[in-house]
Amino acid sequence: MFPTYLLSLSKDELSKQYTKRLPCSILFQPTCPTQGSQKPAIIYLHSWNSYPYSQKAYLLGSALANQGYTFLSLGMHRRGVEGQMRAIPDDDIEDIKRGVEYLSSHGCSEIIIIGEEIGALTGIRYQCKTQDVCIKGIVLIYPLPDLANWLENTIGEDRYKALEQQSEREIIKGSEEEKWVDLTVNSPNGKELLIYQSFDSWVSWWSRSADTKISGFLKNIQIPFLILQKRGMELEEIETSISASKVLDVEDNKQFAQIIDLWVSELELPNVEGFQLVTSDVSKPSEMVTVQTSDGSSLVGFLWEKDCNQENQTVVLHVRGKTGTPITEPLFTKLAEVYNQNDISALVIEMRRSGYGGSMTATASMDIDDIDAFVKLLCQRGYTRIVLSGQSLGSNSIMRYQAQRHHPNVIGLVHMAPTRDAAEWLEAHIGSEIYNCLVLEAKKAREEGRGDRGLVGKPPYEWMLSPHRPNSWISWWAPEADTANLKTIAEIDIPILLLCGSKDFFNDRDRLNQLKKAAVRSPVTDIIWYEGCGHNFANFEQKTAEDIVYWLNKI
């Protein structure tokens with residue numbers, strides 16, 4: 001087992017708009033400090049639509065950490081769909097610079113950049129623009145060709161020209177009613193690539209005028225590079241005079257770590273002192289875990305667990321709000337540390353609805369399957385006392401799960417800022433006329449076979465938390481959607497704790513009292529109210545965790 005840490009490279013993220021927040025980075029440390037002191041550090045740049053905790057990052061990070069590298073999977077502004085919506089290529093430059101500054105200030109002056117797909121482009125672009133002396137080599141994994149040419153060849157010349165012309169009109173017009181590019185294409189790697197961006201952002205990445213031509217950067221790069229490519233998605237012939245630069249055809253990604261390690265050894269870099277961890281900078285889950293859902297989707301979770309916790313057999317499984325990811329906000333990491341101090345394990349999980357991309361397509365029913373996959377994992381590890389914790393719309397997810405599954409190992413539900421009944425809240429928020437139009441729009445799209453295409457409503461989604469495809473929207477927001485806490489709570493027959501604060505924009509005391517009154521089958525339903533606390537529990541994390549621990553010890 002190798003040490004894994006969550007690292008925030010930017011402070012006060014909760015004060016920023018959700019799409020502008022910088023997520024945590026994931027830091028993998030080598031298991032052997034002596035070996036690690038002889039090897040450079042690595043910064044990993046994830047692909048489009050992805051996150052620093054992706055399974056690819058986990059597999060490569062763990063393999064290279066086991067070979068002695070400090071591996072930083074970088075949290076980036078363009079993460080997922082919510083980040084790429086407004087991101088520009090220069091955001092990656094600032095993000096990479098932040099990662100380099102962190103590593104170099106902690107003892108790592110020799111750094112290798114590894115970029116995957118578009119991450120490969122932004123990694124080599126960073127070095128060409130900055131000539132950073134700390135960067136000693138770049139690994140490009142399955143890099144895409146020049147983006148404009150590739151996209152035009154993929155979607156066709158006519159469609160591409162229409163996009164360019166529309167982008168020019170929208171940018172010049174500067175319309176108050178912002179419009180977005182919504183385009184799904186097949187990448188050379190065989191997976192779907194969602195391009196969902198403002199026209200300004202789209203132009204900065206995908207237009208002919210965009211500074212995203214990898215061919216030009218490969219001609220100008222001044223340090224060694226290694227390109228790992230697949231047959232059928234090769235870049236144009238590359239000529240370089242830089243020693244140690246290589247282009248290899250690699251089909252099996254399990255070979256990446258071994259190939260990269262061998263290539264780095266050929267660079268003959270001087271020994272380095274090694275990474276010096278400052279523990280106050282990080283949160284340390286004991287493990288990054290993965291599960292598979294019934295449709296084959298792979299999901300990750302971060303587990304805080306001590307050896308003695310197994311004796312207690314109690315674990316809190318936390319589900320974030322509608323678009324939340326395991327690393328979006330610092331709330332649960334702070335809660336988890338308090339739980340662990342009290343011999344209670346903690347697990348925060350990814351859902352298929354995590355992030356704007358997941359939320360766009362995932363239906364409400366998928367949450368049940370996602371939670372169940374992690375509950376099974378915990379049961380396999382010997383936990384007999386599982387507490388489901390849900391924040392915001394996550395409270396509805398854990399409620400529906402237990403109402404449907406009645407899992408015997410689940411002993412309690414903790415609701416943090418539980419949301420209003422989804423359909424009722426949305427109708428009240430935007431007005432019955434607009435709401436009813438959205439219902440008709442979504443259902444018509446479904447009837448016409450367009451349930452997985454297009455979006456319900458218009459950007460910038462001030463009325464909703466994120467964009468939705470019609471099928472997804474119906475499952476969450478339609479009048480018949482099973483997303484009403486006030487109804488579902490009546491089916492719960494285990495203890496319930498409701499926590500909320502006076503500055504929460506969804507709730508007030510009356511709402512919590514209504515939920516408590518409706519919990520007719522629960523043996524215990526308690527309310528804890530915090531004056532001055534908002535929806536994200538910022539600055540109330542310690543007190544909240546202590547109160548939850550006290551409550552758990554009573555049930």
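Modeller: The side chains of D146 and S215 are joined by a polar contact of 2.8 Å. Such a contact is a pair of N or O atoms within 3.5 Å; within protein, one must be able to donate a hydrogen and the other to accept it, and residues adjacent in sequence count only if both atoms are side-chain atoms. The model is predicted, so local features need pLDDT of at least 70 and side-chain atom pairs pLDDT 80 or more, while totals for chains, interfaces and linings use all residues. Numbering starts from 1 along each chain as its sequence is written, and side-chain values use heavy atoms, without hydrogens and water.

D146 lies in the loop between β6 (135-141) and α6 (147-155). Helices (H or I, at least four residues) and strands (E, at least two) are DSSP runs, numbered from the N terminus. Beyond four places in sequence, D146 is in contact (heavy atoms within 4.5 Å) with T212, K213, I214 and S215.

D146 is buried: under 20% relative accessible area, with exposed over 50% and partly exposed in between (1.4 Å probe, protein chains only). D146 has no salt bridge. That would take a side-chain nitrogen of Lys or Arg within 4 Å of a carboxyl oxygen of Asp or Glu. K213, the nearest side chain of opposite charge, is 6.6 Å away. Lys and Arg count as positive, Asp and Glu as negative; His and the chain ends are not counted.

Elsewhere, the count comes to 33 salt bridges. R79 and E82 form one at 4.0 Å, N to O. R79 is buried at 3%, and E82 is buried at 1%. K246 and E266 meet at 3.0 Å, N to O.
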